[in-house]
Amino acid sequence: MITLTGKCTIPNLLHSNTAQSRKIDNVPKGAHVQNMNRLIDNIIEPVRKQFKTVRINSGYRSKRLNSAIGGATHSQHCKGQAVDIHIDGKTPKEVAQWIANNLPFDVLINEYDRWVHVSYKSPKKNRGRMRKAVHWFDEFGKRHTKYVKRNYRRPAPKPKPIEHSEAKPIQPEAKDEAAISKSLVRAIKYLLQNFWRS
Ligand SMILES: [Zn+2]
């Protein structure tokens, strides 16, 4: 866990109390570093600039570190694509809402109302998934996690109803032009006939 006020760097994402105390190797591969740089540029830095500070609960996890802390088997943390963050004075829901409305992301999860898990892949591969992780207990009292769909995006504003006086007159559409010219021809014929009669 590390609180940043200055620019986030790769070592900030490698830091882990568990790795330190248990002497677990947490060195990323080259591709993982590239992923972490994308995560920093597209998620962590915009969040830090918005809230002036960001706490990194967990960033990169080697496979060994991930299993030591009980992370999901195919965790995006193991590829350097995911980070768990918290902002002092903001609820995880508020942080998730800001991210959903302002940043591109792959997966965004409010985890147990305690922190926000957010991942980034690439503009083409980001899925924009939004979830909330909640605990539930089975009949033996064992704790499990389930992921519930959540939409953290602000709903689009409803269009203002047009006042009657502002309503535009309905313009005839192009497809009606043939019909209009037909009735014009008919009117002219009628006028000509009546002209000759008088
Ligand atoms: Zn996470």
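Trainee: What share of the contacts in the chain with a separation of 6 or more comes from residues 24 or more positions apart?

Mentor: Two residues are in contact if their C-beta atoms, placed from the backbone, lie within 7 Å. In this chain, residues 24 or more positions apart account for 55% of the contacts with a separation of 6 or more. Please note that this is a predicted model, in which local features need pLDDT of at least 70 and side-chain atom pairs count only at pLDDT 80 or more, while totals for chains, interfaces and linings use all residues. Residues are numbered from 1 along each chain as its sequence is written.

Trainee: How many helices and strands does the chain have?

Mentor: Helices (H or I, at least four residues) and strands (E, at least two) are DSSP runs, numbered from the N terminus. The chain has 6 helices and 7 strands. Read from the N terminus, the order of the elements is β-α-α-α-β-α-β-α-β-β-β-β-α. The radius of gyration, taken over C-alpha atoms, is compared with a globule rule of 2.2 Å times the number of residues to the power 0.38. For this chain the radius of gyration is 30 Å, well over the 16 Å that the rule gives for 198 residues, so the chain is more spread out than a compact globule. Along the principal axes, its C-alpha atoms fill a box of roughly 110 × 45 × 30 Å.

Trainee: In what order do the strands lie in the sheet?

Mentor: Two strands pair if DSSP finds at least two bridges between them. Here 7 strands form an open sheet with mixed pairing, in the order 1-2-3-5-4-6-7. Strand 1 (2–4) and strand 7 (143–149) stand at the edges with a single partner strand each, so one side of each has no neighbour in the sheet.

Trainee: What is found between strand 4 and strand 5?

Mentor: The hairpin of these strands has 3 residues between them, and Y112 takes a positive phi near 55° there, although Y112 is not a glycine. With 12 C-beta neighbours inside 10 Å, Y112 counts as exposed. By contrast, N110 lies in strand 4 and counts as buried, with 24 such neighbours inside 10 Å. Leaving out residues up to four places away in sequence, N110 touches P92, K93, A96, V116, K132 and R150.

Trainee: Which residues have the most contacts inside the largest nonpolar core?

Mentor: In soluble globular proteins, nonpolar side chains tend to be buried together. A nonpolar core is a set of buried Ala, Val, Leu, Ile, Met, Phe, Trp, Tyr and Cys residues joined through C-beta atoms within 7 Å. The largest one here has 27 residues, and those with the most contacts inside it are I43, I44, V83, I85 and V118. Its largest share, 6 residues, comes from helix 3. Apart from neighbours within four places in sequence, I44 is in contact with C8, L39, V54 and V83.

Trainee: Which residues of helix 5 are buried?

Mentor: They are P92, V95, A96, Q97 and I99. These buried residues pack against helix 3 (30–51), strand 4 and strand 5.

Methods: A residue is buried if 20 or more other C-beta atoms lie within 10 Å of its own, exposed if 12 or fewer, and partly exposed in between; C-beta atoms are placed from the backbone.
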